[in-house]
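Hi,

Here is the structure I said I would send over. Have a look at it first, and then read on for what turned up.

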Amino acid sequence: MKIVIAPDKFKEALSAREVARAIERGIRRVLPDAQVDLVPMADGGDGTVDALLSATGGSPRQTRVSDPLGRPVEAAWGVLGDGRTAVIEMAAASGLALVPVDRRDPTRTTTYGTGELIRAALDAGVSRILIGIGGSATTDGGTGAAQALGVTFLRADGRRFDRPLTGGDLLDISRIVVDGRDARLAKTAIEVACDVDNPLLGSRGAAAVYGPQKGATPEQVELLDRGLAHLAELIERDLGKDVREFPGAGAAGGLGAGLVAFCGARLRPGIDIVMDATRLHERIRGADLIITGEGRLDGQSMMGKVIAGVGRAGQAVGVPVVALVGSVGEGAEDTLKILRSYQCITPAGTPLAEALARTAENLERMAAEVVV
(Lines give C-alpha, C1' and ligand atoms only; values in the text may rest on other atoms or scores of the structure.)
Protein backbone atom coordinates (compact mmCIF):
# COMPACT_ATOMS: atom_id res chain seq x y z
CA MET A 1 0.00 0.00 0.00
CA LYS A 2 1.34 3.41 -0.97
CA ILE A 3 0.38 6.37 1.21
CA VAL A 4 1.45 9.98 0.61
CA ILE A 5 1.49 12.21 3.69
CA ALA A 6 1.17 15.89 2.71
CA PRO A 7 0.07 18.05 5.66
CA ASP A 8 0.44 21.71 6.61
CA LYS A 9 1.80 22.76 10.00
CA PHE A 10 -0.45 22.74 13.06
CA LYS A 11 0.05 26.31 14.22
CA GLU A 12 1.50 26.70 17.73
CA ALA A 13 1.93 22.92 17.97
CA LEU A 14 3.96 21.18 15.24
CA SER A 15 5.75 22.05 12.02
CA ALA A 16 4.58 20.38 8.81
CA ARG A 17 7.58 18.06 9.00
CA GLU A 18 6.67 17.03 12.57
CA VAL A 19 3.04 16.52 11.60
CA ALA A 20 4.06 14.25 8.71
CA ARG A 21 6.31 12.18 10.96
CA ALA A 22 3.59 11.77 13.60
CA ILE A 23 1.15 10.55 10.94
CA GLU A 24 3.76 8.12 9.64
CA ARG A 25 4.26 6.67 13.13
CA GLY A 26 0.53 6.07 13.41
CA ILE A 27 0.38 4.34 10.02
CA ARG A 28 3.28 2.04 10.87
CA ARG A 29 1.54 0.86 14.04
CA VAL A 30 -0.97 -0.98 11.86
CA LEU A 31 0.73 -1.14 8.43
CA PRO A 32 4.45 -1.61 9.13
CA ASP A 33 5.22 -2.55 5.53
CA ALA A 34 3.36 0.32 3.86
CA GLN A 35 5.22 2.46 1.32
CA VAL A 36 5.03 5.93 2.85
CA ASP A 37 6.14 9.17 1.18
CA LEU A 38 6.40 12.25 3.42
CA VAL A 39 5.75 15.56 1.61
CA PRO A 40 5.42 18.34 4.20
CA MET A 41 3.47 21.23 2.70
CA ALA A 42 2.89 24.97 3.15
CA ASP A 43 0.87 27.69 1.46
CA GLY A 44 3.71 30.19 1.05
CA GLY A 45 3.43 31.68 4.53
CA ASP A 46 5.20 30.85 7.76
CA GLY A 47 6.83 27.43 7.62
CA THR A 48 7.38 27.36 3.86
CA VAL A 49 11.17 27.18 4.08
CA ASP A 50 11.13 24.28 6.54
CA ALA A 51 8.45 22.38 4.62
CA LEU A 52 10.16 22.69 1.25
CA LEU A 53 13.60 21.80 2.54
CA SER A 54 12.20 18.74 4.27
CA ALA A 55 10.10 17.61 1.30
CA THR A 56 12.92 18.02 -1.23
CA GLY A 57 15.97 17.03 0.82
CA GLY A 58 17.26 20.59 0.67
CA SER A 59 19.94 22.32 2.71
CA PRO A 60 19.22 25.06 5.26
CA ARG A 61 21.20 28.30 5.21
CA GLN A 62 21.43 31.33 7.46
CA THR A 63 22.46 34.85 6.54
CA ARG A 64 22.91 37.89 8.75
CA VAL A 65 20.75 40.68 7.33
CA SER A 66 19.01 43.85 8.46
CA ASP A 67 15.70 43.55 10.24
CA PRO A 68 12.85 46.03 9.58
CA LEU A 69 14.47 48.58 11.91
CA GLY A 70 17.97 48.12 10.49
CA ARG A 71 19.27 45.91 13.29
CA PRO A 72 21.20 42.71 12.51
CA VAL A 73 19.24 39.45 12.50
CA GLU A 74 20.09 35.87 11.49
CA ALA A 75 17.58 34.93 8.81
CA ALA A 76 16.94 31.33 7.80
CA TRP A 77 16.43 30.33 4.16
CA GLY A 78 17.53 27.37 2.08
CA VAL A 79 18.37 25.67 -1.19
CA LEU A 80 16.04 22.91 -2.33
CA GLY A 81 17.14 19.41 -3.16
CA ASP A 82 17.48 20.26 -6.86
CA GLY A 83 20.45 22.47 -5.97
CA ARG A 84 19.24 25.30 -8.17
CA THR A 85 16.21 26.69 -6.32
CA ALA A 86 16.36 28.90 -3.24
CA VAL A 87 13.42 29.47 -0.90
CA ILE A 88 13.04 32.59 1.22
CA GLU A 89 10.44 33.90 3.66
CA MET A 90 10.48 37.68 3.74
CA ALA A 91 9.22 37.53 7.33
CA ALA A 92 12.59 36.09 8.37
CA ALA A 93 14.18 39.45 7.51
CA SER A 94 11.35 41.98 7.35
CA GLY A 95 8.57 40.43 9.42
CA LEU A 96 6.28 42.07 11.94
CA ALA A 97 7.31 39.56 14.61
CA LEU A 98 10.82 41.07 14.55
CA VAL A 99 9.56 44.49 15.68
CA PRO A 100 8.64 45.17 19.32
CA VAL A 101 5.02 46.20 19.69
CA ASP A 102 5.92 49.67 20.93
CA ARG A 103 8.10 50.29 17.84
CA ARG A 104 5.70 49.16 15.13
CA ASP A 105 5.45 51.98 12.60
CA PRO A 106 5.45 51.21 8.85
CA THR A 107 6.69 54.72 8.06
CA ARG A 108 9.99 53.68 9.68
CA THR A 109 10.45 50.06 8.56
CA THR A 110 12.26 48.69 5.53
CA THR A 111 12.48 45.58 3.35
CA TYR A 112 16.22 46.04 2.90
CA GLY A 113 16.91 42.73 4.67
CA THR A 114 14.67 40.88 2.22
CA GLY A 115 16.81 42.23 -0.60
CA GLU A 116 19.89 41.01 1.25
CA LEU A 117 18.36 37.52 1.42
CA ILE A 118 17.70 37.59 -2.33
CA ARG A 119 21.31 38.64 -2.86
CA ALA A 120 22.51 35.78 -0.67
CA ALA A 121 20.50 33.37 -2.82
CA LEU A 122 22.06 34.83 -5.97
CA ASP A 123 25.50 34.40 -4.39
CA ALA A 124 24.66 30.73 -3.87
CA GLY A 125 24.40 30.34 -7.64
CA VAL A 126 20.72 29.43 -7.89
CA SER A 127 18.71 30.03 -11.04
CA ARG A 128 15.30 30.19 -9.34
CA ILE A 129 14.11 31.88 -6.14
CA LEU A 130 10.81 31.23 -4.36
CA ILE A 131 9.74 33.99 -1.98
CA GLY A 132 6.95 33.87 0.60
CA ILE A 133 5.83 37.39 1.45
CA GLY A 134 3.40 37.00 4.35
CA GLY A 135 3.76 38.64 7.75
CA SER A 136 5.54 41.85 6.79
CA ALA A 137 6.25 44.82 9.04
CA THR A 138 6.73 47.13 6.08
CA THR A 139 4.95 49.43 3.63
CA ASP A 140 7.89 50.63 1.55
CA GLY A 141 6.78 49.23 -1.81
CA GLY A 142 9.84 47.01 -1.94
CA THR A 143 12.19 49.98 -2.28
CA GLY A 144 14.43 48.81 0.55
CA ALA A 145 14.82 45.39 -1.02
CA ALA A 146 15.56 47.03 -4.38
CA GLN A 147 18.34 49.12 -2.82
CA ALA A 148 20.02 45.98 -1.50
CA LEU A 149 19.98 44.67 -5.07
CA GLY A 150 21.64 47.73 -6.58
CA VAL A 151 18.70 49.95 -7.53
CA THR A 152 19.36 53.64 -6.79
CA PHE A 153 16.71 56.10 -5.60
CA LEU A 154 17.43 59.81 -5.94
CA ARG A 155 16.09 62.88 -4.14
CA ALA A 156 14.89 66.01 -5.93
CA ASP A 157 18.36 67.57 -5.62
CA GLY A 158 19.96 64.53 -7.27
CA ARG A 159 21.43 63.06 -4.08
CA ARG A 160 20.98 59.34 -3.56
CA PHE A 161 19.47 57.91 -0.41
CA ASP A 162 22.42 56.64 1.61
CA ARG A 163 20.33 54.54 4.03
CA PRO A 164 17.62 51.92 3.58
CA LEU A 165 14.32 53.45 2.44
CA THR A 166 11.23 53.19 4.61
CA GLY A 167 7.56 53.81 3.96
CA GLY A 168 7.90 57.36 5.19
CA ASP A 169 10.51 58.18 2.54
CA LEU A 170 8.50 57.40 -0.58
CA LEU A 171 7.27 60.93 -1.25
CA ASP A 172 10.87 62.18 -1.19
CA ILE A 173 11.99 59.99 -4.12
CA SER A 174 12.29 61.85 -7.43
CA ARG A 175 13.95 59.31 -9.71
CA ILE A 176 14.73 55.58 -9.95
CA VAL A 177 17.99 54.44 -11.55
CA VAL A 178 18.46 50.75 -12.34
CA ASP A 179 21.87 50.89 -14.05
CA GLY A 180 23.51 49.30 -11.03
CA ARG A 181 20.88 46.63 -10.46
CA ASP A 182 22.34 43.16 -9.91
CA ALA A 183 22.68 41.70 -13.41
CA ARG A 184 22.04 38.18 -12.09
CA LEU A 185 18.37 39.05 -11.56
CA ALA A 186 17.81 39.01 -15.33
CA LYS A 187 18.92 35.37 -15.43
CA THR A 188 16.97 34.24 -12.36
CA ALA A 189 13.32 33.18 -12.26
CA ILE A 190 11.69 34.70 -9.18
CA GLU A 191 8.30 33.41 -8.07
CA VAL A 192 6.41 35.10 -5.26
CA ALA A 193 3.90 33.19 -3.14
CA CYS A 194 0.98 35.57 -2.90
CA ASP A 195 -2.51 34.60 -1.77
CA VAL A 196 -4.12 38.05 -1.57
CA ASP A 197 -5.49 40.03 -4.49
CA ASN A 198 -5.18 43.54 -3.06
CA PRO A 199 -4.10 46.25 -5.50
CA LEU A 200 -1.36 48.65 -4.48
CA LEU A 201 -3.53 51.69 -3.76
CA GLY A 202 -6.88 52.83 -2.44
CA SER A 203 -9.38 51.40 0.02
CA ARG A 204 -8.21 47.82 -0.65
CA GLY A 205 -4.56 48.75 -1.03
CA ALA A 206 -1.43 48.01 0.94
CA ALA A 207 -1.67 50.97 3.31
CA ALA A 208 -5.42 50.98 3.98
CA VAL A 209 -5.89 47.25 4.58
CA TYR A 210 -2.63 46.22 6.20
CA GLY A 211 -1.11 49.46 7.53
CA PRO A 212 -3.13 49.51 10.77
CA GLN A 213 -2.05 45.93 11.53
CA LYS A 214 1.54 47.15 11.39
CA GLY A 215 0.98 50.09 13.73
CA ALA A 216 -0.02 52.85 11.31
CA THR A 217 -2.32 55.64 12.50
CA PRO A 218 -5.06 56.93 10.17
CA GLU A 219 -2.82 59.86 9.26
CA GLN A 220 0.06 57.51 8.49
CA VAL A 221 -2.18 55.30 6.34
CA GLU A 222 -3.00 58.33 4.21
CA LEU A 223 0.69 59.30 4.02
CA LEU A 224 1.71 55.77 3.02
CA ASP A 225 -0.98 55.52 0.36
CA ARG A 226 0.19 58.81 -1.17
CA GLY A 227 3.77 57.59 -1.01
CA LEU A 228 2.92 54.34 -2.79
CA ALA A 229 0.96 56.26 -5.44
CA HIS A 230 3.99 58.48 -6.01
CA LEU A 231 6.25 55.43 -6.24
CA ALA A 232 3.90 53.84 -8.78
CA GLU A 233 4.10 56.98 -10.93
CA LEU A 234 7.91 56.87 -10.82
CA ILE A 235 7.98 53.16 -11.67
CA GLU A 236 5.78 53.80 -14.70
CA ARG A 237 7.84 56.80 -15.81
CA ASP A 238 11.33 55.40 -15.17
CA LEU A 239 10.80 51.65 -15.67
CA GLY A 240 7.82 51.55 -18.01
CA LYS A 241 5.75 49.30 -15.73
CA ASP A 242 2.28 49.93 -14.31
CA VAL A 243 2.03 48.23 -10.90
CA ARG A 244 -1.06 49.96 -9.51
CA GLU A 245 -3.85 47.49 -10.15
CA PHE A 246 -2.64 43.95 -10.70
CA PRO A 247 -3.86 41.46 -8.07
CA GLY A 248 -1.33 41.07 -5.26
CA ALA A 249 0.49 44.35 -5.90
CA GLY A 250 -0.46 45.48 -2.40
CA ALA A 251 0.78 42.33 -0.67
CA ALA A 252 3.39 42.80 2.07
CA GLY A 253 3.15 46.58 2.01
CA GLY A 254 3.62 46.79 -1.73
CA LEU A 255 6.49 44.33 -1.86
CA GLY A 256 4.44 42.39 -4.40
CA ALA A 257 4.54 45.40 -6.71
CA GLY A 258 8.19 46.07 -5.95
CA LEU A 259 9.38 42.57 -6.72
CA VAL A 260 7.57 42.67 -10.06
CA ALA A 261 8.91 46.13 -10.92
CA PHE A 262 12.48 45.82 -9.68
CA CYS A 263 13.19 42.09 -10.00
CA GLY A 264 10.92 40.89 -12.81
CA ALA A 265 9.16 38.53 -10.42
CA ARG A 266 5.95 36.61 -11.06
CA LEU A 267 3.21 36.31 -8.42
CA ARG A 268 1.49 32.94 -7.99
CA PRO A 269 -0.72 31.26 -5.37
CA GLY A 270 1.56 29.92 -2.65
CA ILE A 271 0.12 26.42 -2.61
CA ASP A 272 0.76 26.10 -6.37
CA ILE A 273 4.40 27.08 -5.92
CA VAL A 274 4.85 24.58 -3.08
CA MET A 275 3.16 21.72 -4.94
CA ASP A 276 5.37 22.34 -7.96
CA ALA A 277 8.55 22.57 -5.87
CA THR A 278 7.78 19.32 -4.02
CA ARG A 279 6.65 17.53 -7.22
CA LEU A 280 3.47 16.58 -5.38
CA HIS A 281 1.55 15.79 -8.57
CA GLU A 282 4.20 13.20 -9.54
CA ARG A 283 4.51 11.73 -6.07
CA ILE A 284 0.81 11.00 -5.64
CA ARG A 285 0.52 9.02 -8.89
CA GLY A 286 -0.18 5.40 -8.10
CA ALA A 287 -0.89 6.12 -4.43
CA ASP A 288 -3.72 4.33 -2.63
CA LEU A 289 -4.33 7.14 -0.15
CA ILE A 290 -3.25 10.71 0.57
CA ILE A 291 -3.34 12.06 4.12
CA THR A 292 -3.24 15.81 4.57
CA GLY A 293 -4.05 18.05 7.51
CA GLU A 294 -3.94 21.43 9.21
CA GLY A 295 -4.65 22.91 12.60
CA ARG A 296 -8.15 24.14 11.83
CA LEU A 297 -10.60 23.19 9.09
CA ASP A 298 -13.32 25.67 8.14
CA GLY A 299 -14.70 27.56 5.18
CA GLN A 300 -11.39 29.37 4.69
CA SER A 301 -9.65 26.05 4.04
CA MET A 302 -10.94 26.04 0.46
CA MET A 303 -9.30 29.40 -0.30
CA GLY A 304 -5.73 28.66 -1.28
CA LYS A 305 -4.87 26.58 1.77
CA VAL A 306 -2.90 23.33 1.82
CA ILE A 307 -5.92 21.07 2.26
CA ALA A 308 -7.59 22.59 -0.80
CA GLY A 309 -4.49 22.20 -2.95
CA VAL A 310 -3.77 18.63 -1.88
CA GLY A 311 -7.44 17.68 -2.09
CA ARG A 312 -7.77 18.93 -5.66
CA ALA A 313 -4.49 17.28 -6.67
CA GLY A 314 -5.74 13.93 -5.37
CA GLN A 315 -9.13 14.38 -6.96
CA ALA A 316 -7.50 15.05 -10.34
CA VAL A 317 -5.78 11.64 -10.35
CA GLY A 318 -8.50 9.67 -8.56
CA VAL A 319 -6.64 9.14 -5.28
CA PRO A 320 -8.76 9.56 -2.12
CA VAL A 321 -7.67 12.27 0.32
CA VAL A 322 -8.32 12.24 4.07
CA ALA A 323 -7.64 15.28 6.24
CA LEU A 324 -6.64 15.12 9.91
CA VAL A 325 -7.36 18.40 11.67
CA GLY A 326 -7.04 19.87 15.12
CA SER A 327 -10.44 21.55 15.16
CA VAL A 328 -13.45 21.99 12.90
CA GLY A 329 -15.26 25.25 12.22
CA GLU A 330 -18.14 26.60 10.16
CA GLY A 331 -17.96 25.69 6.50
CA ALA A 332 -15.73 22.65 6.99
CA GLU A 333 -18.23 20.47 5.16
CA ASP A 334 -17.45 22.35 1.94
CA THR A 335 -14.14 20.47 1.82
CA LEU A 336 -16.00 17.21 1.25
CA LYS A 337 -16.29 18.28 -2.38
CA ILE A 338 -12.60 17.33 -2.72
CA LEU A 339 -11.93 15.12 0.33
CA ARG A 340 -13.09 11.60 1.07
CA SER A 341 -13.40 12.63 4.72
CA TYR A 342 -11.95 14.76 7.48
CA GLN A 343 -11.29 13.63 11.03
CA CYS A 344 -10.84 15.84 14.08
CA ILE A 345 -7.95 14.47 16.14
CA THR A 346 -8.89 16.30 19.34
CA PRO A 347 -11.26 14.55 21.75
CA ALA A 348 -14.33 16.65 22.56
CA GLY A 349 -13.95 18.89 25.59
CA THR A 350 -10.14 18.92 25.58
CA PRO A 351 -8.75 22.26 26.84
CA LEU A 352 -6.73 24.13 24.19
CA ALA A 353 -3.42 23.91 26.05
CA GLU A 354 -3.78 20.16 26.43
CA ALA A 355 -4.85 19.75 22.80
CA LEU A 356 -1.75 21.59 21.60
CA ALA A 357 0.54 19.59 23.89
CA ARG A 358 -0.91 16.28 22.70
CA THR A 359 -1.09 17.07 18.98
CA ALA A 360 1.53 14.49 17.96
CA GLU A 361 -0.05 11.78 20.10
CA ASN A 362 -3.52 12.52 18.71
CA LEU A 363 -2.24 12.55 15.12
CA GLU A 364 -0.64 9.13 15.59
CA ARG A 365 -3.82 7.68 17.06
CA MET A 366 -6.09 9.03 14.33
CA ALA A 367 -3.70 8.07 11.51
CA ALA A 368 -3.74 4.48 12.74
CA GLU A 369 -7.54 4.53 12.75
CA VAL A 370 -8.03 5.92 9.23
CA VAL A 371 -5.78 3.40 7.48
CA VAL A 372 -7.19 0.20 8.98
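Predicted model: local features only at pLDDT ≥ 70, side-chain atom pairs only at ≥ 80, totals over all residues.

Arg279 sits in the loop between α9 and α10, just after the end of α9. What made me stop there is the backbone: Arg279 has a positive phi of about 55° although it is not a glycine. Most residues other than glycine have a negative phi. Glu12 is another one to look at, with a positive phi of about 70° and again not a glycine. Glu12 is found in the loop between β1 (2-5) and α1 (16-30), and it is exposed, with a relative accessible area of 70%.

Back to α9 itself, which covers residues 270-278. This helix is mostly covered, with seven of its nine residues buried. Those are Gly270, Ile271, Ile273, Val274, Met275, Ala277 and Thr278. The cover over these buried residues includes α2 (48-56), β6 (128-132), β9 (189-193), β10 (266-268), α10 (280-283) and α11 (306-317).

The pairing with α2 is worth a view of its own. The axes of α2 and α9 come within 9 Å and cross at roughly 20°. Angles under 35 degrees count as roughly parallel, so α2 and α9 are roughly parallel to each other. The crossing of α2 past α9 is right-handed. On the α2 side the contact is made by Thr48, Leu52, Ala55 and Thr56, and on the α9 side by Val274, Ala277 and Thr278. Sorted by class, that contact has four nonpolar, three polar and no charged residues.

Now the cores. The largest nonpolar core has 51 residues, and those with the most contacts inside it are Ile118, Ile129, Ile133, Phe153 and Leu259. The elements giving two or more residues to this core are β4, β5 (85-89), α4 (112-123), β6, α5 (143-148), β9, α7 (218-239) and α8 (251-263). Of these, α8 gives the most, with eight residues. There is also a second, separate core of 38 residues, which includes Ile273, Met275, Ala323 and Ala332. Ile273 and Met275 are among the buried residues of α9 listed above.

Not counting residues up to four places away in sequence, Ile133 touches Gly44, Met90, Val192, Ala193, Cys194, Ala251, Ala252, Leu255, Gly256 and Leu259.

Arg128 is found in strand β6 and counts as buried, at 14% relative accessibility. Leaving aside neighbours within four places in sequence, Arg128 is in contact with Arg84, Thr85, Ala86, Thr188, Ala189 and Glu191.

Leu69 lies in the loop between β3 (59-66) and β4 (72-79). With a relative accessible area of 21%, Leu69 is partly exposed; the cut-off for buried is under 20%. Beyond its neighbours within four places in sequence, Leu69 is in contact with Val99, Pro100, Arg103, Arg108 and Thr109. Leu69 and Pro106 are 37 residues apart in sequence and 9.9 Å apart in space, C-alpha to C-alpha.

Cheers

Notes
Residues numbered from 1 in each chain as written. Heavy atoms only, no water. Buried < 20%, exposed > 50% of the residue type's maximum accessible area, 1.4 Å probe, protein only. Helix = DSSP H or I, 4+ residues; strand = E, 2+ residues; numbered from the N terminus. Contact = heavy atoms within 4.5 Å. Core = buried A, V, L, I, M, F, W, Y, C linked by side-chain atoms within 4.5 Å. Axes fitted to C-alpha atoms, helices over the stretch in contact; angles between N-to-C directions. Parallel < 35°, antiparallel > 145°, perpendicular 65-115°, else oblique. Left-handed = near helix turned anticlockwise from the far one by under 90°. Nonpolar A, V, L, I, M, F, W, Y, C, P; charged D, E, K, R; others polar.
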